[in-house]
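Welcome! Let us take a short walk through this structure together, stopping at a few places along the way.

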Amino acid sequence: MYDETFMRRAIAISAQALTTPGTEPFGAVIVRDGVIVGEGLNRSVARLDPTSHGETEAIRDACRRLGTVSLAGCDLYTSAEPCALCVAAMAIAGIARLYYAADQGDCGAHLGALPPETRHPIDTALLRAECAAPVEARVMPAEQHLAEDAAAILADWAASRR
């Protein structure tokens, strides 16, 4: 169930970008059983990591704190509607519910006209289309090679865990 306290914390984390170099105004918290178990701020530029979004940082923090890669039963509160990368990370982690503040339209209206040297731009529409498309239909060229070799490693690894 939605709790405004957690949304206000996510927004407060995003506000840290006003004074923290190398960050962007995207903050997130992960909540389990009414307790914040992870927090994150977009630090893509500071960390030279294009995946360092507020949501992914909150997921990493929660996983470390809880000692697990499963965040099943956790909710994620974020200051802005997540991009496809973050939605995929949430799905992989097992986030149960998402609550967000600003939507993609708000983000585009305020950040869309900024020059690339000011912030690392993301074409969220293209990102969503790429993620939803089968590999052979994506804009990014992709080729498959040495499938049998890689599959053999997968099979050996799986067999060692049975």
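Does Cys107 count as buried or exposed? At 15% relative accessibility, Cys107 counts as buried. Please keep in mind, here and below, that you are looking at a predicted model.

Let us stay with the cysteines for a moment. A disulfide is a covalent bond between the sulfur atoms of two cysteines. The count in this model comes to 0 disulfides. Cys63 is in no disulfide, and the nearest cysteine sulfur, which belongs to Cys74, is 8.4 Å away. Cys107 is in no disulfide either: the nearest cysteine sulfur is that of Cys83, 10 Å away.

Next, find Gln104 in helix 5, which covers residues 104-111. Gln104 has a relative accessible area of 18%, and since buried means under 20%, this residue is buried. What does Gln104 touch, leaving aside residues up to four places away in sequence? Its contacts are Glu81, Pro82, Cys83, Thr124 and Arg128.

Now turn to helix 4, residues 84-93. Its buried residues are Ala84, Cys86, Ala89, Met90 and Ala93. An α-helix has 3.6 residues a turn, so residues three or four places apart point the same way. Where do the buried residues of helix 4 pack? They pack against helix 3 (54-66), strand 3 (75-80), strand 4 and helix 6 (124-132).

A search of the whole structure finds 4 aromatic pairs. In one of them, the rings of Tyr2 and Tyr99 have centres 5.5 Å apart and planes at 65°, so the pair is edge-to-face. This pair links distant parts of the chain, 97 residues apart: Tyr2 lies in the segment before helix 1 (4-15), while Tyr99 belongs to strand 4 (residues 97-102). Tyr2 counts as partly exposed at 40% relative accessibility, whereas Tyr99, at 14%, counts as buried. Together with Phe6 and Tyr77, Tyr2 and Tyr99 form one aromatic cluster.

Our last stop is Leu48, in the loop between helix 2 (44-47) and helix 3. With 76% relative accessibility, Leu48 counts as exposed. Leu48 and Gly22 are 26 residues apart in sequence, and their C-alpha atoms are 8.9 Å apart in space.

Methods
Residues numbered from 1 in each chain as written. Predicted model: local features only at pLDDT ≥ 70, side-chain atom pairs only at ≥ 80, totals over all residues. Heavy atoms only, no water. Helix = DSSP H or I, 4+ residues; strand = E, 2+ residues; numbered from the N terminus. Buried < 20%, exposed > 50% of the residue type's maximum accessible area, 1.4 Å probe, protein only. Contact = heavy atoms within 4.5 Å. Phe/Tyr/Trp six-rings, centres within 6.5 Å; stacked < 30°, edge-to-face > 60°. Disulfide = S-S within 2.5 Å.
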